[in-house]
Amino acid sequence: MKTKPQDAGASPAGAGLGTRERVVRAASRLFQRQGYEGTGIKLIAQEAEATLGSVYHFFPDGKEGLAVAAIQHGDREFAEMLSSGLAGSDDPAEAVENCARTLATALRESDWAEGCPVTATALETLGRSPSIQQACLEALRNWQAVLAAKFRAGGFDAEEAEELACTVLSALEGAEVTSQVFRSETPLLTTGRRMAQLIRSRS
């Protein structure tokens, strides 16, 4: 799932941001696009228009500590986008389909490069970095909680809302990867429709 798209010609740091925030945003975008292992501290510093010394000043643990902050940034940004998409309709089924459509559009606009802000880093560091894994886990739990809250507001009991949230999040995550591989909105749009049908069938 992608975070907010950025124009290719825009400053990677964003106007008016402090050095730490520029570094975190640059790292988040680079990890999202090319993975944790494929991204070095020097490239992050260059993308953020910061010195290596400033990166290590804010993140003395190096890339691992920076990755945690980048994942937390992606977590917040995607949760905001998810909440905004769900707010478009009081009907949970329609809201989820709208979210899938929003994700598909944003992914296409990134030229299929900016998928989930945690997936690549989570898989590349699996079993090797407890702090990164914890940050990824918290992000996924936060997104699931946003979905579950929508389902509870739509009349589902707590247990059903949690199960639907888990199902929808898992389906959208998989559909986004498939859309990236196929370079097509179809997997996400189809998944959104099918998830909407599932939600309606459980109402």
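Buried means under 20% relative accessible area, exposed over 50% and partly exposed in between, with a 1.4 Å probe and protein chains only. The model is predicted: local features need pLDDT of at least 70, side-chain atom pairs count only at pLDDT 80 or more, and totals for chains, interfaces and linings use all residues. Residues are numbered from 1 along each chain as its sequence is written, and side-chain values use heavy atoms, with hydrogens and water left out.

**View 1. Phenylalanine 59 in the loop between helix H3 (52-58) and H4.** Helices (H or I, at least four residues) and strands (E, at least two) are DSSP runs, numbered from the N terminus. Phenylalanine 59 counts as buried because its relative accessibility is 5%. Not counting residues up to four places away in sequence, phenylalanine 59 touches Arg20, Val23, Val24, Gly65, Leu66 and Ala69, where contact means heavy atoms within 4.5 Å. Between phenylalanine 59 and serine 170 there are 32 Å in space, C-alpha to C-alpha, and 111 residues in sequence.

**View 2. The packing of H1 and helix H4 (residues 63-86).** The angle is about 85° and the axes are 8 Å apart. That makes H1 roughly perpendicular to H4. Axes are lines fitted to C-alpha atoms, for helices over the stretch in contact, and angles run from 0 to 180 degrees between N-to-C directions. Angles under 35 degrees count as roughly parallel, over 145 as roughly antiparallel, 65 to 115 as roughly perpendicular and the rest as oblique. On the H1 side the contact includes Val23, Val24 and Phe31, and on the H4 side it includes Leu66, Ala69 and His73. By class, the residues of this contact are 8 nonpolar, 3 polar and 4 charged. Ala, Val, Leu, Ile, Met, Phe, Trp, Tyr, Cys and Pro count as nonpolar, Asp, Glu, Lys and Arg as charged, and the others, Gly among them, as polar.

**View 3. The packing of helix H5 (residues 92-109) and helix H9 (residues 186-202).** Here the angle is about 170°, with axes 8 Å apart. H5 and H9 are therefore roughly antiparallel to each other. The contact of H5 with H9 has 12 nonpolar, 1 polar and 5 charged residues. Among them are Val96, Ala100 and Leu103 in H5, and Leu189, Gly192 and Ile199 in H9.

**View 4. A salt bridge between glutamate 21 and arginine 25.** A salt bridge is a side-chain nitrogen of Lys or Arg within 4 Å of a carboxyl oxygen of Asp or Glu. The closest N and O atoms of this pair are 2.8 Å apart. Both residues lie in helix H1 (residues 19-34), 4 residues apart, about one turn of the helix. Glutamate 21 is partly exposed at 23% relative accessible area, and arginine 25 is partly exposed at 31%. The whole structure holds 10 salt bridges.

**View 5. A salt bridge between glutamate 47 and arginine 29.** The N to O distance is 3.3 Å. Glutamate 47 lies in helix H2 (residues 41-48) and arginine 29 in helix H1, so the pair ties together parts 18 residues apart in sequence. Glutamate 47 is partly exposed at 25% relative accessibility, whereas arginine 29 is buried at 13%.

View 6. Where pLDDT is low, the predicted coordinates should not be read in detail.
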